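Hi,

Have a look at it first and then read on.

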Amino acid sequence: MKLGRLPQITMVLGLLLSSIACGQQPKATAPSATASPAASAAASPATSPAASPATSPATEAMTPGEQANANFRDRLSGPELLAQLRKGGHIIYLRHAQTEKDYADQADAKMRLGDCETQRKLSKAGENQAQMIGKAFTAKGIAVDEVITSQYCRAWKTADLAFGRHRQDPKLNFLPFEDYTPEQMQTMKNNVMPLLTKSPKTGKNTVIVGHDDPFEAATGIYPDPQGMAYVLTPDGKGGFQLQANLLPNEWDKL
């Protein structure tokens with residue numbers, strides 16, 4: 001080592017010792033205390049909430065009933081479906097029209113079937129949906145015999161707005177729970193199956209205005225969104241064939 005470089009070495013060592021005394025560390029050996037959350041997430045995606053399947057809406061799994069609804073493909077559609085509906089012999093199961101809110105009012109201890117103020121109510125959009133459906137049935141010449149509903153206000157009001165009449169049947173009601181056991185689902189299936197398998201009068205169709213869970217109990221399909229209808233054809237042997245599903249604005253397009 002040349003003696004001429006000693007002052008420079010001494011100065012460098014002094015600066016280094018000063019930095020250590022002040023608590024400074026080289027950037028390469030410690031993360032910045034002011035790193036942005038986005039940068040931290042990018043550095044460790046495994047622990048980022050945005051990357052967690054449990055919290056990402058895009059990765060939320062459908063229930064089996066929702067998946068069955070999404071996967072359903074019409075057997076009949078367009079003019080062919082309309083021709084069959086005009087001939088009659090079908091059950092149209094209509095989930096009530098859109099409500100102001102969506103919650104399990106059947107599980108609310110304050111809910112009373114005879115008091116609409118304690119139940120979910122049709123929204124203005126829902127009222128319009130019901131009227132749209134009724135006008136399409138008339139315009140398309142789809143003959144309706146019975147109009148059967150649950151005892152919930154949103155169901156029979158949907159029927160009245162669409163068809164001007166209804167007959168209530170408690171077998172279409174929810175059981176008073178928000179989540180159901182397999183046994184309770186079987187009970188709802190037993191309740192609704194006779195209505196889904198009863199052949200209408202010759203040349204006419206039966207309209208049923210009900211709810212999502214009883215239909216899922218009978219078919220394995222969760223009808224969504226509100227206002228969706230499924231067309232079924234009873235086979236005369238205690239069963240039925242699912243033919244099509246339609247949204248409220250699709251009736252007029254047949």
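Phenylalanine 137 counts as buried at 3% relative accessibility, where buried means under 20% relative accessible area, exposed over 50% and partly exposed in between (1.4 Å probe, protein chains only). Tryptophan 251 is buried too, with a relative accessible area of 1%. Before I go on: this is a predicted model, in which local features need pLDDT of at least 70 and side-chain atom pairs count only at pLDDT 80 or more, while totals for chains, interfaces and linings use all residues. Residues are numbered from 1 along each chain as its sequence is written, and side-chain values use heavy atoms, with hydrogens and water left out.

**Aromatic pairs**

The structure holds six aromatic pairs; rings of Phe, Tyr and Trp (its six-membered ring) pair if their centres lie within 6.5 Å, and planes under 30 degrees apart count as stacked, over 60 as edge-to-face and the rest as tilted. The ring centres of phenylalanine 137 and tryptophan 251 are 4.7 Å apart and the planes stand at 45 degrees, so this pair is tilted. Phenylalanine 137 sits in helix α5 and tryptophan 251 in the segment after β6, so the pair ties together parts that are 114 residues apart in sequence. The helices (H or I, at least four residues) and strands (E, at least two) are DSSP runs, numbered from the N terminus.

Tyrosine 152 and phenylalanine 174 make an edge-to-face pair, with 5.7 Å centre to centre and 85 degrees between the planes. Tyrosine 152 belongs to the loop between β2 and α6, and phenylalanine 174 to the loop between β3 and α7 (182-197), 22 residues apart. Both tyrosine 152 and phenylalanine 174 are buried. There is also one aromatic cluster, formed by Phe72, Tyr93, Phe215 and Tyr230.

**The cores**

A nonpolar core here is a set of buried Ala, Val, Leu, Ile, Met, Phe, Trp, Tyr and Cys residues joined through side-chain atoms within 4.5 Å. Which members of the largest nonpolar core touch the most other members? Of its 25 residues, they are Leu81, Leu85, Ile92, Phe137, Phe163, Val207 and Trp251. Two or more residues each come from α4 (78-87), β1, α5, β2 (144-149), α6, β4 (205-210), β5 (229-234) and β6 (240-246). Apart from this core lies another, of 17 residues, with Ile91, Leu196, Phe215 and Ile221 among them.

Leaving aside its neighbours within four places in sequence, tryptophan 251 has contacts (heavy atoms within 4.5 Å) that include Leu85, Ile92, Ile133, Phe137 and Leu246.

**Helix α4**

Leu81, Leu82 and Leu85 are buried in α4. Down the helix axis, the buried residues of α4 fall within an arc of 100 degrees, so they line one face of the helix; the arc is that of the directions from the helix axis to the C-beta atoms. They pack against β1, α5, β4, β5 and β6. On the face of α4 turned away from the buried side are the exposed residues Pro79 and Lys87. Glycine 88 follows α4 and has a positive phi, near 85 degrees.

**The sheet**

Six strands form an open sheet of mixed pairing, in the order β3-β2-β4-β1-β5-β6; two strands pair if DSSP finds at least two bridges between them. At the edges are β3 (167-168) and β6, each of which pairs on one side only. β1 and β4 run parallel and are joined by five bridges, with leucine 94 opposite valine 209 in β4. β1 pairs with β5 in the antiparallel sense over four bridges, and isoleucine 91 stands opposite leucine 232 in β5.

How many residues of β5 are buried? Six of six: Ala229, Val231 and Thr233 cover one side, and Tyr230, Leu232 and Pro234 the other. β5 and β6 are antiparallel, with six bridges, and proline 234 has phenylalanine 240 in β6 as its bridge partner. The two strands β5 and β6 form a hairpin with five residues between them, and glycine 236 in the turn has a positive phi of about 80 degrees.

**The disulfide**

Finally, there is one disulfide, defined as a pair of cysteine sulfur atoms within 2.5 Å. The sulfur atoms of cysteine 116 and cysteine 153 are 2.1 Å apart, and the link is left-handed, with -90 degrees about the S-S bond. Cysteine 116 lies in the loop between β1 (91-95) and α5 (124-140), cysteine 153 in helix α6 (residues 153-163), 37 residues apart. Both cysteine 116 and cysteine 153 are buried.

Best wishes
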